[in-house]
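I opened my notebook on this one today. Here is what I looked up, in the order I went.

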Amino acid sequence: MVSGAKAVRPKYPSADTLLYAEVIRPPEYRLRNGLFTCRALAAVDENSVAQIKGLVQLVVRGNFVALVARDIQSARLAARKLALVWADEAAADAAASSSSRAPAACNAESALAEVADGRQRTARTYGWPNRLRWGNRPGWVMADARPDCLQVWAPSQTPGLLQRDLAALLSYDTKQIEIFDGSRSDGVARSCADDAAADAALLSQAVGQPVAVWLSPAYQPVVAALGQAQRIDATACWSPATGVDEFEYQLQSAANSAPVLAMLLVNGGLQPLQAVGANARALYDFGQSKVRQPGASTQAYRAPAQAPLQDTFARESFVDELARDLGADPVAFRRDHLTDARGRALIDSVAQQAQWTPEPDHGLAAAEQGDILRGRGFAYAHSPADNGDAEQGTRSAWVADIEVNRVTGEVLLNRIVVGQDSGAAIDQEALREQLQREMLEGNEPLLLGQEGFDQWGRAEAPDGTPAMAGLPVAIDLVAPPATPASGPVAKPGASMPLRYDAGVLHPAVAVIANALYNATGIRFREPPFAADRIRAELAPVKRQYAAPDKSRWRSLATVAVASSVGVLAIAWPWKGAIEPISRPAANLYSAATIERGRLVAAAGDCVVCHTDLEGAENVGGRAFDTPFGTLYSTNLTPDEDTGIGRWSFEAFDRAMRQGISRDGRNLYPAFPYTAFAKISESDMQALYAYLMAQPAVRSETPQPEMSFPFSYRPLMAGWNTLFHDPSPFQPDPARSELWNRGAYLAEGLGHCSACHTPRNAMGAEKSGADYFSGALVDGWEAPALNSLSKAPVPWTEDALYDYLRFGASDMHGVAAGPMAPVVAGLAELPEQDVRAIAHYVASYSNAEPAPETALQAQAELLKSRAAVSPSALDAGQRVYEAACAACHTESDFPSFTDAQTSLALNSNLHSSTPDNVIQTILYGVQAKQLELPNIGAMPGFKDSLSDQQITSLVEYLRLRFGAGQPGWQDIAGKVAHYRAHAGTH
Amino acid sequence: MKTPLTLTVNDRTHVLDLPAQTPLLYVLRNDLELNGPKFGCGLGECGACTVLVDGMAARACVLPIGRLAGRRVTTLEGLGTLEHPDPVQEAFILEQAAQCGYCLNGMIMTTKALLMHCPSPTEAQIKAALKHNLCRCGTHVEIVRAVQRAAGLRQDEDTL
């Protein structure tokens, strides 16, 4: 097997010469049956990015477009500003117009059908994706293309394939290409690390300097666009009495792995890289056996290393299914139909070592089990030697034991038993080492979750090896049975042949698929076996809440509100206490789950409310002034007496979704359980795991001081019936995936509307046109996010993204007040998630997005109008000049200040209330996440300016920067109020 | 939040284990013993604490150190020495532009930033640039002359 990866990692390219690139993909592109189609680049206007400082080069090759700059911000800015036109219709590339036949329809209903004479027919279809996933964790992928050599730093799982692709794409000899940071040899999975590597290499060659690209979930669309690499239809006819007598096996696709995307975009089609004879063959003896190869296609791209994996996965899964249809033990069934004596001997010894006993499939009894499902599977492979000689080839048999967490969907590989017969004796220790490594490198992409919170924070161990969930695997090696006729048996030592490379991993994917079926009763016919897929298939037992029939309760409630409190308490279903538990052990959940929970907590901004005034996180005790009285946030640390230490997950889940404390008391909806009800099951579990793993802090929560009747908590049950919808988040199928992801984050965890939507007289968020129309919360105005926004320059999706990601937008200013810790929390989220929130929120401003130039012009106009100080308010002007102007004035020469955005663009000075302006002047901007490039910091002036000075200053600011809006009323009263009431943020 | 932070001051790199909100001025004066920058108002109003950050004038009393990762800070001490003063310092000495001298750090640093971006400023530009550096003794005329001398717009004949 070709291997380009080196064990020793050289230094990365020098930071002085390294450039950064952002790639722009066509709006539509796809690969189906070896046919690549894409909307072609029609025109590109280089002048649209000419003004961007730091931009080095616009690179266009066919339909491949990228911007290379000295820093990533400039590259991204250029990518955003670049004016380019794509052709309307996706055109099939002429070069790739091979006549692929349409894939046969796969109908699961008819998969098992009676044929005739009591004979049965089993038909199944297996698939293999071109990319298992975008990658394992975000990171830089770099390439340095020099005339005589190409160095690439990429976490490639298939460095051999990548090397071949790069050689063909950039005209190098494979010997000139070195790949670092990847696996040492081709594993089971190809990921977008290869696509990113090709992007970087292509660009490095184009600009003549090393180039870095950011590999992240932004590459996820490539996985869907490239689709399936192989489809295998398998059918068998059998009868319970005589067993299998007819077996047919059809490979549908001639192409068995897509090359790097850059190659498809640049060449506009597939280049025949290497003609490889199809190598699927009948392994078991089932009477009449037929193996049909796909029609020959000269345009097909063949990746020989992938074909046997795909083939073994399909065959071993199918044989497993057949055995179950026939009611046979899968191991015995294989053994009985194998003509190869050495193969039979190997299967026997592996089964013996693993203590294989025919077991029922656990999935059938899953309902009675706990959260952990256990299963074991078997798979066998036999690949011919390089010269095609099957007898001299490699046989390998595997048994795997797995655990599936039915709540999180995580699969843990506990133990594998491997037997390998490669003809001659082999170095068992070297084999074990290789297997350990391959399982580590190879199975992560196979089993990891797909997207969203799942891939967060997969930290690297200090030595640079990836941190693994549940690995290393216990590996039992089974010595192959004595093979006297198979040639000389080498003595242990250096001369021992290491012939295990060919085919050692072939059963790895099927064995997990078979074990998964055994554990869950669900058959996965296409990898990867990612946590989110497994979760979806397992359809976890829905927690049934006593959610009464809404319409009925609503009418009842209308009547009941008028009656006495006593009646109400009886009328609503009583929520009992949930039994306390002893605090769960800190190691109950995996490190990965806890880390994910930390990010869920960050996205949910728990600490914004649950941090005490001294800054101790999650201990609660912070006061909230509501129109109904004063509330205090609670202690979220796992202290057994004052915190949530004795809460079971069920109690926690109920509190989060229904607003009912463990002891059965209702919580007030200042705690946004109305939003948290939308959190997914697995995110909730991770959040619980995270909170329970934190240090317990004893901190008593003060009693709320609510006015009657709100002081009577059972009333909240009625409130819930009227205003709370505990149903989980439902994606809107009419909207894009990005929008729905943003909606999930914004409506659920992010609970944006808790502040940005006004509440009715009962303290419930209004709906309809009032959604996102702004509200005053705890002395701060949360401005309208919908079409009622008062922002002087309209918010765009890009501006929202900048604001949420970096804490400031150059058209609006910095995040402050309660929004500052929200931005700090968002800093933990993957870029794509912040983008999704911006996209979702932007969809609420009805206006058509104005072109960037129009926004710029409007900003300039506002600034020029405010440039001249009005002469009317001398007192305010003096205060402004003395206290503010040093930082807030745009002078002719640059100064280093956080007040970079003109006050003329500040939404708060255009708002209908002065609250935010007054709060900011009094208390300043005390951002915590100071590392964010644009977050602001400003001193508070409460000790140096009098009420009167602040009042005249606010009047002046409004007159000068408010673009002609009427002056505010009762500024003095509000200044006095906020000076006396510091607020809680 | 406490994170070790690397700060480059006058071409020397310091690793500080301090809250990110700590004002730069406190670090300079208390930890690094650089007393050129003065504590005046503490609110960014008077300019006595001015330093250069990446060559731009900045008010150290309101600048949290968390904002300075990867930046280069220059204080008065980083401009010149007694033996080899910076041309701006030399001009302020020659023009005798100090009375009590408390504001002079800010005047000199702001002038340095001005001249780096505008080597030959007009008198109006000089006054605009120094407008928000407060001097209560009244050496304003000498200060403007010193800036002109540092810019090479004024020769020795008027003085001494």
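I count two residues as in contact if their C-beta atoms, placed from the backbone, lie within 7 Å. My numbering starts from 1 along each chain as its sequence is written, with chains lettered from A and ligands numbered from 1 in the order in which they are written. This is a predicted model, so local features need pLDDT of at least 70 and side-chain atom pairs count only at pLDDT 80 or more, while totals for chains, interfaces and linings use all residues.

**Interface.** I found 19 residues of chain A in contact with 26 residues of chain B. Helix 26 (residues 874-888) of chain A gives the largest share of chain A's side, 5 residues. Helices here are DSSP runs (H or I, at least four residues), numbered from the N terminus. By class, chain A's side holds 12 nonpolar, 4 polar and 3 charged residues; Ala, Val, Leu, Ile, Met, Phe, Trp, Tyr, Cys and Pro count as nonpolar, Asp, Glu, Lys and Arg as charged, and the others, Gly among them, as polar.

**Helix 26 again.** How do the axes of helix 26 and helix 28 (residues 947-961) of chain A cross? They come within 7 Å and cross at roughly 95 degrees, so the two helices are roughly perpendicular (65 to 115 degrees). Among the residues meeting there are A:Val879 and A:Tyr880 from helix 26 and A:Leu953 and A:Tyr956 from helix 28.

**Helix 23.** In helix 23 (residues 819-826) of chain A, 7 of 8 residues are buried (20 or more other C-beta atoms within 10 Å of their own). These buried residues include A:Met819 and A:Leu826, and they pack against helices 14, 15, 22 and 24 of chain A.

How values were computed: Axes are lines fitted to C-alpha atoms, for helices over the stretch in contact, and angles run from 0 to 180 degrees between N-to-C directions. Angles under 35 degrees count as roughly parallel, over 145 as roughly antiparallel, 65 to 115 as roughly perpendicular and the rest as oblique. A residue is buried if 20 or more other C-beta atoms lie within 10 Å of its own, exposed if 12 or fewer, and partly exposed in between; C-beta atoms are placed from the backbone.
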